[in-house]
Amino acid sequence: MLQGSLFDQADRIEETALGGLDGLRRTELGSGAWIDVLPGWLHGADALFELLAERVPWRAERRQMYERVVDVPRLLKFYGAGQELPHPVLGAARDALSAHYARELGEPFTTAGLCYYRDGRDSVAWHGDRIGRGARENTMVAILSVGAPRDLVLRPVGGGPAVRRALGHGDLIVMGGSCQRTWEHAIPKSTRAAGPRISVQFRPHGVR
Ligand SMILES: O=C(O)CCC(=O)C(=O)O
Ligand SMILES: [Fe+2]
């Protein structure tokens with residue numbers, strides 16, 4: 001929740017700023033998949049968490065699961081290409097990522113999907129981002145995390161050792177190469193007390 005006067009809040013969010021991307025470190029996962037990770041890319045990430053929690057028109061979705069309709073255990077908001085993002089630093093993040101990966105990706109990041117995990121009961125099940133072109137082509141999905149850390153876990157399709165990264169407080173992870181096809185990822189439920197986390201996923205046009 002927002003605390004103090006609007007003026008205090010404005011002061012704090014003004015401290016929110018991106019660092020450089022030189023510290024990105026790549027881990028090859030195998031089968032042409034990789035992740036790049038940069039802890040603490042966004043400074044003042046907690047102020048951005050508060051702003052997004054308050055300002056974004058979050059949607060609770062419901063899905064058919066067998067014979068029941070169940071709540072999707074996280075809140076969502078999708079911003080398409082050209083839609084104004086809830087804070088300018090997110091546009092700056094998208095553009096910095098587009099510039100950094102221009103050669104390797106061959107196209108810019110254009111969309112931003114936001115997910116709000118309110119506590120350890122919120123989660124996302126194993127999946128690859130394969131609704132769009134990620135099902136057939138190599139692509140990238142870049143995720144900026146604010147708020148409390150949660151584990152993002154990756155595992156090869158068909159089984160094998162998992163890879164786990166705790167992400168929050170301005171951390172960046174980029175899933176690239178064949179990662180959406182040959183690997184799956186999840187944010188598992190946490191039985192330990194987990195604070196709220198918001199993730200911002202930047203994707204190229206046609207990747208979902
Ligand atoms: O919250 C995250 O970091 C992952 C979200 C995700 O995998 C998705 O929405 O496709
Ligand atoms: Fe995903």
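Colleague: How many bridges join S2 to S3, and which way do the strands run?

Modeller: Five bridges join S2 to S3, and the two run antiparallel. Strands of a sheet pair through backbone hydrogen bonds, either parallel or antiparallel. Two strands count as paired if DSSP finds at least two bridges between them. Strands (E, at least two residues) and helices (H or I, at least four) are DSSP runs, numbered from the N terminus.

Colleague: What am I looking at, and how is it numbered?

Modeller: This is a predicted model: local features need pLDDT of at least 70, side-chain atom pairs count only at pLDDT 80 or more, and totals for chains, interfaces and linings use all residues. Residues are numbered from 1 along each chain as its sequence is written, while chains are lettered from A and ligands numbered from 1 in the order in which they are written.

Colleague: What do S2 and S3 form, and how many residues lie between them?

Modeller: They form a hairpin, with two residues between the strands. Ser31 in the turn has a positive phi of about 55 degrees. Thr27 stands opposite Ile35 in S3. On to the next pair: six bridges join S3 (residues 33-38) to S12 (residues 171-177), again antiparallel. There, Met175 in S12 is the bridge partner of Ile35.

Colleague: What is the order of the strands in the open sheet?

Modeller: Read the eight strands across: S2-S3-S12-S9-S14-S7-S6-S5, with antiparallel pairing. S2 (25-30) and S5 (59-65) stand at the edges; each has a single partner strand, so one side of each is left without a neighbour in the sheet. The twist averages 25 degrees from one strand to the next.

Colleague: Which strands does helix H2 touch?

Modeller: Contact means C-beta atoms, placed from the backbone, within 7 Å. H2 (residues 45-55) packs on the sheet and touches S7, S9 (141-147) and S14. Its direction makes about 95 degrees with that of S9. Axes are lines fitted to C-alpha atoms, for helices over the stretch in contact; angles run from 0 to 180 degrees between N-to-C directions. Helix H3 (residues 88-100) lies across S7, S9 and S14, at about 130 degrees to S7.

Colleague: Is Ala112 buried or exposed?

Modeller: Count other C-beta atoms, placed from the backbone, within 10 Å: 20 or more is buried, 12 or fewer exposed, and in between partly exposed. Ala112 has 23, so Ala112 is buried. Ala112 lies in S7. Leaving out residues up to four places away in sequence, Ala112 touches several residues, including Tyr79, Leu90 and Phe202.

Definitions and conventions: Contact = placed C-beta atoms within 7 Å.
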